[in-house]
Amino acid sequence: MAVERTLAILKPDCVRKDLIGAVVKQIQENEFKIVSLKMVRLSKEGAEGFYEVHRGRPFFEDLTVFMSSGACVPMVLEKENAVSDFRKLIGATDPAEAEHGTVRKLYADSKGENIVHGSDSPENAGIEIAYFFPISELVQMHK
Ligand code: CMP
C-alpha cells in the first residue's frame, strides 16, 4: 500500500469549541503525518467553490453558510491508505451513526456541524488539497 495524502478540514465548530488541539492529537496518535496546515476564513463563495459537487442539494446553503461562519483549519495528511483510514478515524457524517471513539462521535453535534471534513477518494483529495494549498506549501517536511 502506497503512502497517500488526504485533505482534512477542522470546521468552524471545531475552532469555536477550542478542539483544534484535541483533534490534532487524535490525528497524530493515529499515525498521520501533517504535511501542511493553516487557519483560514472562507468567504461564502469560497465555501461554495469547495463544496461545488453538492450544489443543488438541500443542505448546500446551510453547509456553505456554516463553513464561512468562522475560521477553519485545513491540513494535508500523509499515511499509507490515508483517505480511507482518515474517514474511519472521523466516523460517519451523522455523529449519531458514528462509531464509538471516532472524532465525530466524540465531538460533533449534528450532521451539519460535524467538526471535521475528510476527502472521500484519492482523486478528490488531490483536487481538495490544491483548493487550499499551493505547491510551495506542500514541501516534504518528513524527509
Ligand atoms: P463533509 O464531509 O464536509 O461533506 C459534505 C458535508 O455536508 C458533510 O460533511 C456534512 O457536514 C454536510 N451535510 C449537511 N447535511 C447533510 C446531509 N443531509 N447529507 C450529507 N451531508 C450533509
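Sorted by class, the lining of the largest pocket comes out at ten nonpolar, nine polar and ten charged residues; here Ala, Val, Leu, Ile, Met, Phe, Trp, Tyr, Cys and Pro count as nonpolar, Asp, Glu, Lys and Arg as charged, and the others, Gly among them, as polar. The model is a predicted one, with local features needing pLDDT of at least 70 and side-chain atom pairs pLDDT 80 or more, while totals for chains, interfaces and linings use all residues. Numbering runs from 1 along each chain as its sequence is written, and side-chain values use heavy atoms, leaving out hydrogens and water.

As for the pocket itself (on a 1 Å grid over the protein atoms alone, an open set of points where a 1.4 Å probe fits, with protein on both sides within 12 Å along at least five of seven lines; lining residues have an atom within 4 Å of a point), 29 residues line it, and Tyr 51, His 54, Phe 59, Leu 63 and His 117 lie nearest its centre. Helix 7 (122–132) is among the elements giving two or more residues to this lining, and its four residues are the largest share.

The ligand sits in this largest pocket, meaning that more than half of its atoms lie within 2 Å of the grid points. Its surrounding residues (a heavy atom within 4 Å) include Lys 11, Thr 93, Arg 104 and Asn 114. Polar contacts (N or O pairs within 3.5 Å) reach ligand oxygen atoms from the side chains of Lys 11 at 2.8 Å, Asn 114 at 3.2 Å and Arg 104 at 3.4 Å. The protein covers 79% of the 450 Å² accessible area that the ligand has on its own (Shrake-Rupley, 1.4 Å probe).

Terms used:
A polar contact is a pair of N or O atoms within 3.5 Å; within protein, one must be able to donate a hydrogen and the other to accept it, and residues adjacent in sequence count only if both atoms are side-chain atoms.
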